[in-house]
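Subject: Structure handover

Hello,

I am passing on the structure below, followed by notes on what was found in it. Please read the notes with the model open beside them.

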Amino acid sequence: MANNRKVLLINKKFQLSVIGWFSLLSLITTIIYFGAMSFFFTRMASEGTAAGLAADHVFFRYLDEQRAFMTKTFLLGSLASITVILMGGLWLSHRVAGPLHRLVSHLKTGSTNDPLKFRKNDYFPEIEEAFN
């Protein structure tokens, strides 16, 4: 079966809900990891101060450079990760919404002669089997 999809969202309410939850979970995870990274660098700076290092010591400059590098790396990694997670949410929602959309369309046409057919990797193949 050719994949000539013209509509990105088959069931907007359901799919946007799934993508919204994936977005929220991605954002929460990103914030937690960024907070952990910030805590690490703050703790390292506190240990440097507790060790009696002067504020202009090379350790603090190095720590600031590493914090800046880690922040950039973290933001790029997070952006890539969130993009992949959102695409996965869209893919997953299609695998659920597609069969249900096809079943509803099939029921609306009242076609009892034509068998109901789902895509190869769609979820709920048991609905197709039970209906036919």
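Of the 132 residues in the chain, 22% are buried, where buried means under 20% relative accessible area, exposed means over 50%, and partly exposed is anything in between (1.4 Å probe, protein chains only). The model is predicted, so local features need pLDDT of at least 70 and side-chain atom pairs count only at pLDDT 80 or more, while totals for chains, interfaces and linings use all residues. Residues are numbered from 1 along each chain as its sequence is written, and side-chain values use heavy atoms, with hydrogens and water left out.

Overall form

The chain has three helices and zero strands, and its pattern along the sequence reads α-α-α. Helices (H or I, at least four residues) and strands (E, at least two) are DSSP runs, numbered from the N terminus. The radius of gyration of the chain is 25 Å, whereas a compact globule of 132 residues would have one near 14 Å. That radius is taken over C-alpha atoms, and the globule rule is 2.2 Å times the number of residues to the power 0.38. The C-alpha trace spans about 85 × 25 × 20 Å along its principal axes.

The accessible surface comes to about 9700 Å², and carbon and sulfur atoms account for 67% of that surface. Accessible areas come from the Shrake-Rupley method with a 1.4 Å probe, and for residues only the protein chains shown count as cover. Contact means heavy atoms within 4.5 Å. Among contacts between residues at least 6 apart in sequence, 64% join residues at least 24 apart.

Helix H1

Helix H1 covers residues 12–50. H1 has 39 residues and reaches 56 Å from its first C-alpha to its last, close to the 57 Å expected at 1.5 Å a residue. The expected span of a helix is 1.5 Å times one less than its number of residues. The buried residues in H1 are Gln15, Val18, Ile19, Ser26, Thr30, Met37, Phe41 and Gly48. H2 is included in what covers them. After H1 comes Gly52, which has a positive phi, near 90°.

Gln15, in H1, has a relative accessible area of 0% and is therefore buried. Beyond its neighbours within four places in sequence, Gln15 is in contact with Leu8, Leu9, Ile10, Leu90, Ser93, His94 and Ala97.

Helix H2

One of the residues that Gln15 contacts is Ser93, which lies in helix H2 (residues 58–109). Ser93 is buried because its relative accessible area is 1%. A polar atom of the Ser93 side chain lies 2.9 Å from the backbone oxygen of Leu90. Not counting residues up to four places away in sequence, Ser93 touches Phe14, Gln15, Val18 and Gly98.

Val84 is also placed in H2. With a relative accessible area of 57%, Val84 is exposed. The C-alpha atoms of Val84 and Trp21 are separated by 14 Å, and the two residues are 63 apart along the chain.

Aromatic pairs

How many aromatic pairs does the structure hold? There are three aromatic pairs. Rings of Phe, Tyr and Trp (its six-membered ring) pair if their centres lie within 6.5 Å; planes under 30 degrees apart count as stacked, over 60 as edge-to-face and the rest as tilted. One of the pairs is Phe34 and Phe74, with ring centres 5.5 Å apart and planes at 45°, so this pair is tilted. The pair links distant parts of the chain, since Phe34 is in H1 and Phe74 is in H2, 40 residues apart. Phe34 is partly exposed at 31% relative accessibility, and Phe74 is buried at 17%.

Another pair is Phe59 and Phe60, whose ring centres are 5.4 Å apart and whose planes meet at 75°, so this pair is edge-to-face. Phe59 is partly exposed, with a relative accessible area of 24%. Phe60, in H2, is buried at 11% relative accessibility. Leaving aside its neighbours within four places in sequence, Phe60 is in contact with Ala45, Gly48, Thr49, Leu53, Ala54 and Ala55. Phe60 and Phe74 are 14 residues apart along the chain, and their C-alpha atoms are separated by 20 Å.

Regards

Definitions and conventions. A polar contact is a pair of N or O atoms within 3.5 Å; within protein, one must be able to donate a hydrogen and the other to accept it, and residues adjacent in sequence count only if both atoms are side-chain atoms.
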